[in-house]
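Biologist: Hi! Could you walk me through this model while I have it open?
Modeller: Happy to, let's look at it together.

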Amino acid sequence: MRRKRAIVIAVALGLLGAGVVLFSLNTGSIRLSPSSVMKALFGYGSPEETMILYEYRMPRIIVTLLAGVGLGVAGAVFQGISRNSLADPGILGIHAGAAFGLMIYVSFFRTLEGPATLMIPLFTLLGGTGIAIVIFLLAYDRYRGLMPIRLLLVGIAIEAGFSSITLLLSLRLDENTYAFAARWLAGNVWGRDWIHVWTLLPWICLFVPLIFYRSRLLDLFTLGDEMAAGLGSAVNRNRFVLLMFAIALSCASVAMVGGIGFIGLAAPHIARKLVGAQHRYLLPICAMVGLVILVTADTIGRSFFQPNAIPAGVVVAAIGGPYFLYLLFIKKKTSL
């Protein structure tokens, strides 16, 4: 029954995602009718419609699709390995590390076009990995293992510190690069060319299946370290491997769509309410929910506020902030 329910929900989310994508293709500074979009997709549109669709809108939408999947799955992994329902790549400081890596890149290379953009996910990954190692070392207890509450508090503190360092580095940039950095930190989807699609695609295609393959390990973590070890799981090694996979997904995703938060927090909660906590069903639904949230937020930000588009991160934060407070209220109420 749970499998059938997961399949039905996945199909429903897929249809919802397809509808959002079609609406996103229709909207923008230059509006295309649904019939014009369909003609252009099948090669019967005018040269102008084909150019708008394939050179401007479709690459950006595909980037948001991929990044939404990556952030949703990464959030589920962070919550699984930490046994903390409030864990999120942004809250834990991983995005702050990715932003620090990006600032290092733009400070030295100062180019955001061409093949050099292939290096951006590498720099964000190095920054996010470095921060993650510091956070987990500070949150790890020799006798009690990884402490979820300490993990959250240390992550918030590290995130605040490195956000300040990132802001300081951004002040040393030239005007154009600083404008890019400010938009990136606000969660602006800047990956709008096909080269950005090809940059992000290998990361999603590699690490998402690897995490799905190890979904059983995430189920074991929910039982506690001692129980997982008693069932034959190499707890510390598996936690480290899954952590590296989630960091790679998260950092590669935000490298192309900016420092967008709350997707990794909200997607697992929504998916858990839909299909339960078993990760072989939870992870695909997390991917679909993250996809729908990010594509919808980007579409709203660039279409509903013309001519001054707002970053997708602002739209997500406007929704995610109240949802985060709701989760805190529920968690506090259930603990009483």
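Modeller: Among what covers the buried residues of helix 1 are helix 2 (34–41), helix 3 (47–82), helix 12 (263–275) and helix 13 (279–303). Helices here are DSSP runs of H or I, at least four residues, numbered from the N terminus. Buried means under 20% relative accessible area, exposed over 50%, and partly exposed in between, with a 1.4 Å probe and protein chains only. This is a predicted model, where local features need pLDDT of at least 70 and side-chain atom pairs count only at pLDDT 80 or more, while totals for chains, interfaces and linings use all residues. Residues are numbered from 1 along each chain as its sequence is written, and side-chain values use heavy atoms, leaving out hydrogens and water.

Biologist: Thanks! Which residues of helix 1 are buried?
Modeller: They include Ala-6, Ile-9, Leu-13, Gly-17 and Val-20.

Biologist: And what follows helix 1?
Modeller: Gly-28 does, with a positive phi near 150°.

Biologist: What does Ser-303 touch, leaving aside its neighbours within four places in sequence?
Modeller: Ser-303 is in contact (heavy atoms within 4.5 Å) with Thr-27, Gly-28 and Arg-31. Its side chain also makes a polar contact of 2.9 Å with that of Thr-27. That term means a pair of N or O atoms within 3.5 Å; within protein, one must be able to donate a hydrogen and the other to accept it, and residues adjacent in sequence count only if both atoms are side-chain atoms.

Biologist: Is Ser-303 buried or exposed?
Modeller: Ser-303, in helix 13, is buried at a relative accessible area of 4%.

Biologist: Switching to charges: how many salt bridges does a search of the whole structure find?
Modeller: Two, where a salt bridge is a side-chain nitrogen of Lys or Arg within 4 Å of a carboxyl oxygen of Asp or Glu. Asp-298 pairs with Arg-60 at 2.6 Å, N to O. That pair links distant parts of the chain, with Asp-298 in helix 13 and Arg-60 in helix 3, 238 residues apart. Both are buried.

Biologist: And which side chains meet at 3.7 Å?
Modeller: Those of Asp-298 and Arg-302, again in a salt bridge. Both lie in helix 13, four residues apart, about one turn of the helix. Shared partners join Arg-60, Asp-298 and Arg-302 into one network.

Biologist: Last one: where is Asn-238, and what is its relative accessible area?
Modeller: Asn-238 is in helix 11 (residues 235–257), and it is buried, with a relative accessible area of 7%. Beyond its neighbours within four places in sequence, Asn-238 contacts Arg-214, Leu-217, Phe-221 and Ser-233.

Note on methods. Helices (H or I, at least four residues) and strands (E, at least two) are DSSP runs, numbered from the N terminus.
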